[in-house]
Each structure stands twice: as structure tokens, then as C-alpha cells.
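Welcome! Please take a moment to look over the sequence and the model below, and then we will walk through them together.

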Amino acid sequence: MATRSKRTLKETPKEPPAEKARYHHGDLRQALVDAAVALISEEGFGALTLREVARRAGVTHAAPYRHFTDKEALLEAVAIEGFRTMAREMRERMATAPQGPLDQLSAAGVAYVLFAVRHPPHFRVMFGPHFRHPLKPEGPPGEEDAFALLVRGIASGQAAGLLRAGDPRALTLTAWSLVHGLASLFVDRQLEEAVKGLEAAEALAIVQTRLLISGLANPGAGGNSDSR
């Protein structure tokens with residue numbers, strides 16, 4: 001009679017779940033952020049739960065807690081991603097504009113509006129009433145945030161004598177109010193241009209930022225403006 005070997009048999013390793021593979025490679029956090037953005041876009045904030053985000057990302061309902069303590073923490077990650085993308089898009093458009101400070105300022109404002117048109121879920125999270133504490137806008141690591149880019153544009157225009165003198169932050173708040181208001185009107189589809197596509201949004205944003213800059217112009221600068 002054959003005797004059974006006493007050698008301990010090794011179990012065949014099981015294939016790790018997809019969520020663990022993603023987590024190991026550092027992708028799970030981004031997958032959850034992407035799923036949250038898609039869910040907000042398709043079904044609104046009322047549908048957002050960590051369990052539903054996990055389901056959409058294809059992981060167990062416990063997986064999001066590896067990165068986010070609660071829904072607010074997930075929304076904060078979405079907002080930070082939005083602030084960084086906004087600042088990057090503003091910088092990219094400013095880089096393609098002529099070098100004059102008023103053209104640079106106009107480019108920053110137009111890019112702000114177009115960010116909202118392209119990324120409405122991010123925009124709503126960034127400026128919505130979702131957080132128990134104010135969020136600090138962040139630019140890409142080591143770079144200026146969106147508000148700092150506007151402040152720099154205003155200060156450059158003042159230094160060149162093209163914009164009225166005074167506290168650059170006060171003038172920046174005026175500029176921010178206009179571009180943010182216009183962006184919000186687009187996101188909430190309160191303008192007819194909101195359904196006409198990106199080109200119509202861009203054209204209106206250019207007109208509005210130029211009108212804004214005319215209002216902020218130094219009365220003594222005459223026709224010495226680089227924004228046409």
C-alpha cells in the first residue's frame with residue numbers, strides 16, 4: 001500500500017485581485033478620483049458615495065479607504081487635481097500669447113474660463129460647498145496657482161504703466177470675479193454660447209477679458225495698450 005508523502009505541498013499562488021495590483025503600482029488613488037469625476041458628471045453629487053466610486057473603479061467597497069478617510073477627502077483630491085490642471089492650462093495659454101502684460105493677462109482669464117468649460121465636474125467641486133474647511137488652491141508642484149498667475153499679470157501691467165495703480169490684489173479680485181462669474185455661467189449653461197461649443201466659449205471669453213482690461217486700464221496710458 002502506497003504511503004502518502006509527508007512533504008508539505010505548496011499551494012499554487014492565487015492571482016492577486018485587480019485592486020491590489022493597481023494599489024501596488026500606485027494607480028488606485030487616481031482610478032478612484034477618475035471614477036468620482038465620471039460619476040459626478042453623469043449623475044450629480046447626490047449619487048456620489050465611496051461604495052459607488054469603488055464599484056465603478058472595479059475594486060471592493062473597502063478599497064477607497066486606503067487613500068481617503070471619507071467622501072470629503074475624495075472630493076478634496078478631485079478639487080486639488082482641478083486647481084493644478086487649471087493653473088497648468090493658464091500657464092500654457094499665457095506661454096503662447098504675445099509678451100505684453102495685457103495680452104498675458106487676457107490669456108490667463110480666457111484659459112480660466114475654458115478650463116471650466118472643459119472640466120465642469122472639477123470646477124463644481126473646486127468651488128462648491130463640499131468642505132468643512134476652506135481649500136487652499138494649489139498649482140502644479142513648485143509652480144504658481146491660478147490666483148497667483150492673475151496677481152502676477154496685474155502687477156506686470158501696473159509696472160508697465162498700463163493698468164491703474166493700487167493694491168494689485170484688489171485689482172486681481174476684480175479680474176477674478178469677472179472670469180469666475182463667466183465660467184460659472186458656462187458651467188450652469190446660462191449662456192447661449194454654452195451649447196455652441198468651445199470656439200463660441202473662447203470667443204466670448206476673449207471679448208469679456210478685453211472689456212475687463214479696458215476698465216482696469218491706467219487713464220493716463222492713452223492708447224498705449226498691447227491688448228488688441
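At roughly what angle do the axes of H4 and helix H7 cross, and within what distance do they come? The axes of H4 and H7 (residues 146-159) come within 8 Å and cross at roughly 30°. Two packed helices are described by the angle between their axes and the distance between the axes. Here, axes are lines fitted to C-alpha atoms, for helices over the stretch in contact, and angles run from 0 to 180 degrees between N-to-C directions.

Before going further, keep in mind that this is a predicted model, in which local features need pLDDT of at least 70 and side-chain atom pairs count only at pLDDT 80 or more, while totals for chains, interfaces and linings use all residues. Residues are numbered from 1 along each chain as its sequence is written, and side-chain values use heavy atoms, with hydrogens and water left out.

## The overall picture

The protein has nine helices and zero strands, where helices (H or I, at least four residues) and strands (E, at least two) are DSSP runs, numbered from the N terminus. Read from the N terminus on, the elements run α-α-α-α-α-α-α-α-α. Of the 228 residues of the protein, 41% count as buried; buried means under 20% relative accessible area, exposed over 50%, and partly exposed in between (1.4 Å probe, protein chains only).

How confident is the predictor? The mean pLDDT (the predictor's confidence in each residue, from 0 to 100) is 86, and 85% of the residues reach 70 or more. Over residues 1-25, however, pLDDT stays under 50, and the model has 13 contacts beyond four places in sequence for them. A contact means heavy atoms within 4.5 Å. Among the contacts in the protein with a separation of 6 or more, 68% come from residues 24 or more positions apart.

## Back to helix H4

On the H4 side, Met86, Ala87, Met90, Arg91 and Met94 meet Ala146, Leu149 and Leu150 in H7. Sorted by class, this contact has seven nonpolar, no polar and one charged residues. For this sorting, Ala, Val, Leu, Ile, Met, Phe, Trp, Tyr, Cys and Pro count as nonpolar, Asp, Glu, Lys and Arg as charged, and the others, Gly among them, as polar.

H4 (residues 71-96) also holds glutamate 72. Is glutamate 72 buried or exposed? Glutamate 72 counts as buried because its relative accessibility is 12%. Leaving aside residues up to four places away in sequence, glutamate 72 touches His130, Phe131, Arg132 and His133.

## Aromatic rings

Rings of Phe, Tyr and Trp (its six-membered ring) pair if their centres lie within 6.5 Å; planes under 30 degrees apart count as stacked, over 60 as edge-to-face and the rest as tilted. By this rule the count comes to four aromatic pairs.

| Pair | Type | Centre to centre | Between the planes |
|---|---|---|---|
| Tyrosine 112 and phenylalanine 123 | edge-to-face | 6.5 Å | 85° |
| Phenylalanine 147 and tryptophan 176 | edge-to-face | 5.4 Å | 70° |

Tyrosine 112 lies in helix H5 (residues 101-118) and phenylalanine 123 in helix H6 (residues 120-127), so their pair ties together parts that are eleven residues apart in sequence. Tyrosine 112 counts as buried at 1% relative accessibility, and phenylalanine 123 counts as buried at 4%. Phe83, Tyr112, Phe123 and Phe127 form one aromatic cluster.

For the other row, phenylalanine 147 lies in H7 and tryptophan 176 in helix H8 (residues 168-187), so that pair ties together parts that are 29 residues apart in sequence. Phenylalanine 147 is partly exposed at 23% relative accessibility, and tryptophan 176 is partly exposed at 29%.

Serine 41 lies in helix H2 (residues 28-43) and is exposed, with a relative accessible area of 53%. The C-alpha atoms of serine 41 and proline 120 are separated by 7.7 Å, and these residues are 79 residues apart along the chain.

Leucine 162 sits in the loop between H7 and H8 and counts as buried at 10% relative accessibility. From C-alpha to C-alpha, leucine 162 and glycine 220 are 8.4 Å apart in space, and they are 58 residues apart in sequence.
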